[in-house]
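Dear colleague,

I am handing over the structure below, together with some notes on what turned up in it. Please read the notes alongside the coordinates.

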Amino acid sequence: MGAIVENVKAVAQDENVGNVKERVTSWLRGEIPACPFSGFEELDQVKVPVEIVPPGKGEDLEELFRGNSLGITVERVLLGDQLVGYIICASGLVGVTAVGGGIENITPASVVVKPKIPGTSILTMLNYAYVLPYVEEQQPQFDITEAPLVSLIIHLYFLKLQKLVHDNGLRKDYIKLEEELQGKVRGQCMLGSYLGRYIPAGKQQRVPCRYWELRLDCEPNRALRWGAELCLALAKMIPAKALLAHVESIWDEIKHHFVDIAIKPYRAEQVRRLPRSGRFTPYDDLYQLLEIILDNMSFDFKYGKVSLHGFAVRMWELFEQFVVNVLKFHLPIVVEGPQVGFSYSVSESGGVLHKQNIYLDALIVDSNRYVVDAKWKEAIAVGEDDLRFSENDYLSMEDIKIKNTDLFQVVAYGRHKEVQASGAILVYPVLEQISTCRVR
C-alpha cells in the first residue's frame, strides 16, 4: 500500500518543545484529540501526524518501536527528495505490544493490531482452531465486533476457568517435597545428607526426607493460576475497560479457590507435559489456551511481578489450524494434519544429495488423496476489473482469479512420490456473504 502524502502542516517554531517520544506515546494512547489513534489492522499503514513527529525526528520514533513484539516498522515518506513525514507499518502479526518500554522517563503505550476480519469470525476461528467444543454460553459479555484477538483469548480463558471451577472443582495431584523431620522418616531418607552432614554435626534427630504428598497446590493448578495472572496483566494492557471489568468480576468470583496455590511462571513446553487424562481431563481446554498465550507472549517475571512486552499471533498459523480442525470435525477419520511432513532429495553440484522437507497443511486420505493448502491472504480476485495481478500472474476460472504461485505450490505437493494425490484444495478466507468454490 502506498502512503498518501498530504500537505505538511505548520509545526511550532521550536520543534523541541516537549519530548518527541512523550508526544508519540501520548498519541498512541489516544490522549491527543486533534490527532486520534486507536490502533490499526494487520499489514496496515498509519501516517504519523507531523504535529507529533516533525521531519528530522524519525530517530526518536524508531527508538520507540525498536524490538516491538508485533514487528511494527517505521518508514520515511518522501516528496521527491524531501523528507515530509513518517508512517508506521503493521506486519502480519496481530495482538498488542508495549511501545517505549525500557526508555527512561517514558510511560509505555499499548498498541493494538487487529485482524482484517471482525471479532465474531475470529471467535469462530479460535474455537475451531484450539478450544473445541464451542459452547454458546461462552459468548463474550461485551461487543466483540471490533474486539482485538487478544481480548477474545483472555475472555475465553476466564470463562473456561470459571466453568472448570464450578463444574469440576480444582483437582489435587502429588507433589514432591523435601523436609527435615524430627526423629522420624517419611518416604525416602536422604541418606547421603544424613550421614555426611547431620550426624557429624550432632543433629542425628533431624532426618532429611523426600516424599510425595497429595495437594491442591500442585503443578496443574499452579499452571492455571499462572494463566490467570498473565490474562489479568494482558487485560490491563489493552485499552478496553469493558473487557477488564468483565474478567475482573469473574476472577473475584473464583479467586478464593486459588488462595493457597503458589504463583509460579510456566513455559509453554512445561504446560504441554502436564497431565491431561484421568481426573485432569477437564483441564485440557485451558491447557490449550494457556499454550497459545505462552507461545505468543513476551514478558518478564521479576520479584513476583509480571512485566508484559506484548502478545503476537501469527494469523496464517491460526487460519491453517482453523481449516484443518473444521475438516477434522466433519471428516474425523480421513483428515491428517496440521503439518504433515514428507522429505525429498536435492542434488547439488558434484552429485551430492541432501534432504529437504515439505509440510502439508492437511492431507485427506480416503479412496483418493487430496492435498489441502490454507492461504491467509487475498489471492482470489473477483471480477474482470481487478488490477492487482498482471496477465501472467494468475489463472482465470470463470469469475475469479487465482495466483499461479499458489497453484504451482499445491500441485508440487500433490505430485510428491510419497503423496501422489488425486487432487488439491486451496482454501482462502472469504469475507463476502456468498463464498465461492471452483474446480479445475
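In which sense do strand 15 and strand 16 pair, and over how many bridges? Strand 15 (residues 362-365) and strand 16 (residues 369-374) pair in the antiparallel sense, over four bridges, where pairing requires that DSSP finds at least two bridges between the two strands. Helices (H or I, at least four residues) and strands (E, at least two) are DSSP runs numbered from the N terminus.

This is a predicted model, in which local features need pLDDT of at least 70 and side-chain atom pairs count only at pLDDT 80 or more, whereas totals for chains, interfaces and linings use all residues. Residues are numbered from 1 along each chain as its sequence is written, and side-chain values use heavy atoms, with hydrogens and water left out.

To stay with strand 16 for a moment, a hairpin of three residues connects strand 15 to it, and Leu363 stands opposite Val371. Strand 16 also runs parallel to strand 20 (residues 423-427), to which five bridges join it, with Leu426 of strand 20 as the bridge partner of Asp373.

Strand 8 pairs with strand 9 (residues 206-215) over two bridges, and Cys189 has Cys209 of strand 9 as its bridge partner.

In helix 7, the buried residues (under 20% relative accessible area, with a 1.4 Å probe and protein chains only) are Leu243, His246, Val247, Ile250, Trp251 and Ile254. They cover an arc of only 130 degrees around the axis, which puts them on the same side of helix 7, the arc being that of the directions from the helix axis to the C-beta atoms. These residues pack against helix 4 (149-167) and helix 6 (219-237).

Finally, please look at Leu43, in the loop between strand 1 (40-41) and strand 2 (45-48). Its phi is near 60 degrees, a positive value in a residue other than glycine, whereas most residues of that kind have a negative phi. Leu43 is exposed (over 50%, with partly exposed in between), at a relative accessible area of 54%.

Best regards

Definitions and conventions:
Contact = heavy atoms within 4.5 Å.
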